[in-house]
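I opened my notebook to look up a few features of one model. My entries follow in the order I made them.

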Amino acid sequence: MQTLQNHFLLAMPSLKDPYFERALVYLCEHNAEGAMGLVVNIPVDMSLDAMLTQLKLTPPPSPELKQPVLQGGPVAAERGFVLHSFRPGFNSTLQVSDELMVTTSKDILETLGTEQAPDHYLVALGYAGWSPGQLEQELVDSAWLVIPPDPALLFETPTHLRWQQAAASIGVNPLHLSSDIGHG
């Protein structure tokens, strides 16, 4: 099986699930046991510094901490995931690619906004999960377009433009995407 780990999934217009409508998902894991990813373009109504304060951490004043926390998906919505540029040394970290890692331990949160933080990061609450074969079936059903990895899409593109930019990165105009699936 070909893994789609370190790729994006772009929700097609036909996907009307409230968690995934116009979603861009970054796949952190994909293997025979299923898939796990983070929705990277749907913010919740909270900034990163507000979340850190809620967790009784004392965030330093930093413009980076004004970024929104993201709705990562419907599974374990109370759990935080930090998708970040390569920076080893944190507990509970999965290396996704040569450039990106995802960390779920609190130790990384204490570094955000400081010199010890990874160069680039985003924080998501919850994740998207697929059981074995489920994602493959959704791809057959044309629910998603697969987009090659691009860290700039995560860390340099404003949250509200990520879905459109992901489509444009493969030469697709999102306005031309049809919600009709043709199996002629």
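I began with Lys 16, which is exposed at 54% relative accessibility. My cut-offs: buried is under 20% relative accessible area, exposed is over 50%, and partly exposed is in between (1.4 Å probe, protein chains only). The model is predicted, so local features need pLDDT of at least 70 and side-chain atom pairs count only at pLDDT 80 or more, while totals for chains, interfaces and linings use all residues. I number residues from 1 along each chain as its sequence is written, and side-chain values use heavy atoms, with hydrogens and water left out.

Next, salt bridges. I count one when a side-chain nitrogen of Lys or Arg is within 4 Å of a carboxyl oxygen of Asp or Glu. How many salt bridges does the structure hold? I found 2.

Lys 16 pairs with Glu 21, at 3.7 Å from N to O. Glu 21 is partly exposed, at 40% relative accessibility.

Asp 49 pairs with Lys 66, and their closest N and O atoms are 2.6 Å apart. Asp 49 sits in helix α1 (residues 48–54) and Lys 66 in the loop between α1 and β5 (68–71), so this pair ties together parts 17 residues apart in sequence. For these names, helices (H or I, at least four residues) and strands (E, at least two) are DSSP runs, numbered from the N terminus. Is Asp 49 buried or exposed? Asp 49 is buried, at 15%. Lys 66 is exposed, at 57%.

Then I looked up strand pairing. Two strands pair if DSSP finds at least two bridges between them. Strand β6 (residues 75–85) runs antiparallel to β9 (residues 121–130), with 6 bridges joining them. There, His 84 has Tyr 121 of β9 as its bridge partner. β6 also pairs with β8 (residues 100–103), again antiparallel, over 4 bridges. Leu 83 stands opposite Val 102 in β8.

I checked backbone angles too. Ala 76 is not a glycine, yet has a positive phi of about 50°. I placed Ala 76 in strand β6. Ala 76 is partly exposed, at 23% relative accessibility.

Arg 22 is not a glycine either, and its phi is positive at about 55°. I found Arg 22 in the loop between β1 (8–11) and β2 (24–31). At 44% relative accessibility, Arg 22 is partly exposed.

My last entry is Asp 98. Where does Asp 98 lie? Asp 98 is in the loop between β7 (93–95) and β8. Asp 98 is exposed, with a relative accessible area of 70%.
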